[in-house]
Amino acid sequence: MTPFMMRIAELVGADPDEVTDEIAPMPTTRISQRIATSTGADKQVAIRSLAEQLLCEANAVLPASDEHLTLTDETLPHELAFTVGYRGRGARVSTTFENGVAYGRLVGDGFESDVPRELDSPDDLPDLLVRLLVESGMPHHPAPSR
């Protein structure tokens with residue numbers, strides 16, 4: 001199992017009252033920055049690819065009887081976006097292209113902000129997915145006895 005899969009397995013087996021911000025920290029974000037369109041497109045594709053990988057890893061660990069994470073892509077005229085969802089909640093990661101610049105944005109349940117914010121780096125994506133699971137009220141199952 002990968003380190004992320006082990007993290008999800010630990011979360012599934014945890015007592016819901018023991019899930020702390022240490023186990024499920026908020027992902028690090030920053031105020032959205034305007035960058036070159038090519039850099040913005042590369043960053044969005046890299047984050048989207050990593051999201052798909054991590055989503056597959058998490059879903060492989062979640063019990064078959066439970067709901068699983070979903071990934072929905074959006075391709076709009078001046079924006080690339082995807083939404084990761086779980087149990088009716090979601091987090092949308094997008095990059096908008098306008099007048100030769102691009103800027104990222106994170107929007108979703110539990111990620112509200114007065115100013116546009118984006119993930120600080122792709123390394124923050126695992127925390128985003130774990131936080132989505134926790135805030136959506138994922139079922140917990142005791143670890144099997146051996």
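User: What makes strand 4 and strand 5 a pair?

Analyst: Keep in mind that this is a predicted model. Two strands pair if there are at least two bridges between them. Strand 4 (residues 79-86) and strand 5 (residues 89-98) have eight bridges, so they pair, and they do it in the antiparallel sense. One example is L80, whose bridge partner in strand 5 is T95.

User: Which strands are called edge strands, and why?

Analyst: Strand 2 (35-36) and strand 3 (70-76), as each pairs on one side only. You can see it in the open sheet of five strands, which has the order 2-6-5-4-3.

User: Why is S32 called buried?

Analyst: Buried means under 20% relative accessible area. S32 comes in at 17%, so it counts as buried. S32 sits in the loop between strand 1 (29-31) and strand 2. Leaving out residues up to four places away in sequence, S32 touches Y103, G104, R105, P116, R117 and E118.

User: Which residues touch the most other members of the largest nonpolar core?

Analyst: That core has 29 residues, and I8, L69, L128 and L133 touch the most other members. Helix 1 (3-13), helix 2, strand 4, strand 5 and helix 3 (125-135) each give two or more residues to this core.

User: What is L128 in contact with?

Analyst: Setting aside neighbours within four places in sequence, L128 is in contact with P27, A91, V93, L106, F111 and L119.

Conventions
Residues are numbered from 1 along each chain as its sequence is written. This is a predicted model: local features need pLDDT of at least 70, side-chain atom pairs count only at pLDDT 80 or more; totals for chains, interfaces and linings use all residues. Side-chain values use heavy atoms; hydrogens and water are left out. Helices (H or I, at least four residues) and strands (E, at least two) are DSSP runs, numbered from the N terminus. Buried means under 20% relative accessible area, exposed over 50%, partly exposed in between (1.4 Å probe, protein chains only). Contact means heavy atoms within 4.5 Å. A nonpolar core is a set of buried Ala, Val, Leu, Ile, Met, Phe, Trp, Tyr and Cys residues joined through side-chain atoms within 4.5 Å.
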